[in-house]
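Biologist: I have a new model open. Walk me through it, please.

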Amino acid sequence: GITLTGNDTMKMAYTKYKLKFMDICPVNYKPGLVYTGFLQLSQFDGSAPDARDMVGMTCQVIGNYRYPYDSRFGYREAVRWNDTLEITSNGLMSFSTLIGDDFSSVTFSANCMANKVSAYKSGISKFKSESDAGVQVTLANSDGTIKVNNKFITNKHKITKHKITFQFHIQ
């Protein structure tokens, strides 16, 4: 007779869908500006979700904003923000939130399909420039058309052959 031998592996999952924060999500937020994050719901193999399953489905996004560490109180949760997103037929979703000046870090979590599918995004911290200013602007100046006007530039600026890097603040 013929004898066949071999082996194979199979991935097991509790649900046919997976949810993830997309790689294009910013890793920093800029205080006072809107942060926009992106989620993708897909089948476990990475393909688009079955549109029939998405009818009327929503995804809950929760943001936890933390104050900086305080030696008297430790880390304290400052604000909890949430939003409900409608899941699109292709599984792509975006959310936007304004994050204030006083927070040191933010985490987001998302739950879909009656909490059977979830994702977590941590490590989002406040954007800081070299001088800890709120905004840093870098302009390409390869043709030299940008001229520097010192009354708008703080003492922290540098000019190189191809670009001007400076920081400014608005009063």
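Modeller: Start with ring pairs. Rings of Phe, Tyr and Trp (its six-membered ring) pair if their centres lie within 6.5 Å; planes under 30 degrees apart are stacked, over 60 edge-to-face, and the rest tilted. This is a predicted model, so local features need pLDDT of at least 70 and side-chain atom pairs pLDDT 80 or more, while totals for chains, interfaces and linings use all residues. Residues are numbered from 1 along each chain as its sequence is written, and side-chain values use heavy atoms, without hydrogens and water.

Biologist: How many aromatic pairs does the rule give?

Modeller: The count is 8 aromatic pairs. One of them is Phe-21 with Phe-95, an edge-to-face pair. Their centres are 6.2 Å apart, with 85 degrees between the planes.

Biologist: Where do Phe-21 and Phe-95 sit in the chain?

Modeller: Phe-21 is in strand β1 and Phe-95 in strand β6. They are 74 residues apart, so this pair links distant parts of the chain. Strands (E, at least two residues) and helices (H or I, at least four) are DSSP runs, numbered from the N terminus.

Biologist: Are Phe-21 and Phe-95 buried or exposed?

Modeller: Both Phe-21 and Phe-95 are buried. Buried means under 20% relative accessible area, exposed over 50%, and partly exposed in between (1.4 Å probe, protein chains only).

Biologist: Why is the pair of Tyr-35 and Phe-108 stacked?

Modeller: The ring centres of Tyr-35 and Phe-108 are 5.4 Å apart and the planes lie at 15 degrees, so the pair counts as stacked. Tyr-35 lies in strand β3 and Phe-108 in strand β7, so the pair ties together parts 73 residues apart in sequence. Tyr-35 is buried at 3% relative accessibility. Phe-108 is buried at 1%.

Biologist: Which residues do ring pairs link into a cluster?

Modeller: Phe-21, Tyr-35, Trp-81, Phe-95 and Phe-108.

Biologist: On to the core. Which members of the largest nonpolar core touch the most other members?

Modeller: Leu-19, Leu-39, Leu-41, Phe-95 and Phe-108, out of 27 residues. Strands β1, β3, β4, β5, β6, β7 and β8 each supply at least two residues of this core. The largest share comes from β7, with 4 residues. A nonpolar core here is a set of buried Ala, Val, Leu, Ile, Met, Phe, Trp, Tyr and Cys residues joined through side-chain atoms within 4.5 Å.

Biologist: What does Leu-19 touch?

Modeller: Leaving out residues up to four places away in sequence, its contacts include Leu-39, Leu-41, Cys-59, Met-93 and Ala-110. Contact means heavy atoms within 4.5 Å.

Biologist: What about β6, which residues are on its covered face?

Modeller: Met-93, Phe-95 and Thr-97. The uncovered face of β6 has Leu-92, Ser-94, Ser-96 and Leu-98. In a regular strand, side chains alternate between the two faces of the sheet. β6 pairs with β3 in the antiparallel sense, over 7 bridges. Two strands pair if DSSP finds at least two bridges between them. Opposite Ser-96 in β6 stands Thr-36.

Biologist: Change of topic. How many salt bridges are there?

Modeller: The count is 3. A salt bridge is a side-chain nitrogen of Lys or Arg within 4 Å of a carboxyl oxygen of Asp or Glu. Lys-16 and Asp-53 make one of them, at 3.0 Å from N to O. Lys-16 lies in the segment before β1 and Asp-53 in helix α1, so this pair ties together parts 37 residues apart in sequence. Lys-16 is partly exposed at 41%, and Asp-53 is partly exposed at 27%.

Biologist: Which residue meets Arg-52 in a salt bridge?

Modeller: Asp-50, at 2.7 Å from N to O. Arg-52 is exposed at 67%, whereas Asp-50 is buried at 18%. Arg-72 forms a salt bridge with Asp-70, with the closest N and O atoms 3.3 Å apart. Arg-72 is exposed at 66%, and Asp-70 is buried at 18%.

Biologist: Last one. Where does Tyr-67 lie?

Modeller: In the loop between β4 and β5. Tyr-67 is partly exposed at 24% relative accessibility. The C-alpha atoms of Tyr-67 and Ser-105 are separated by 7.3 Å, though these residues are 38 apart along the chain. Not counting residues up to four places away in sequence, Tyr-67 touches Tyr-75, Arg-76, Ala-78, Asp-102, Phe-103 and Ser-104.
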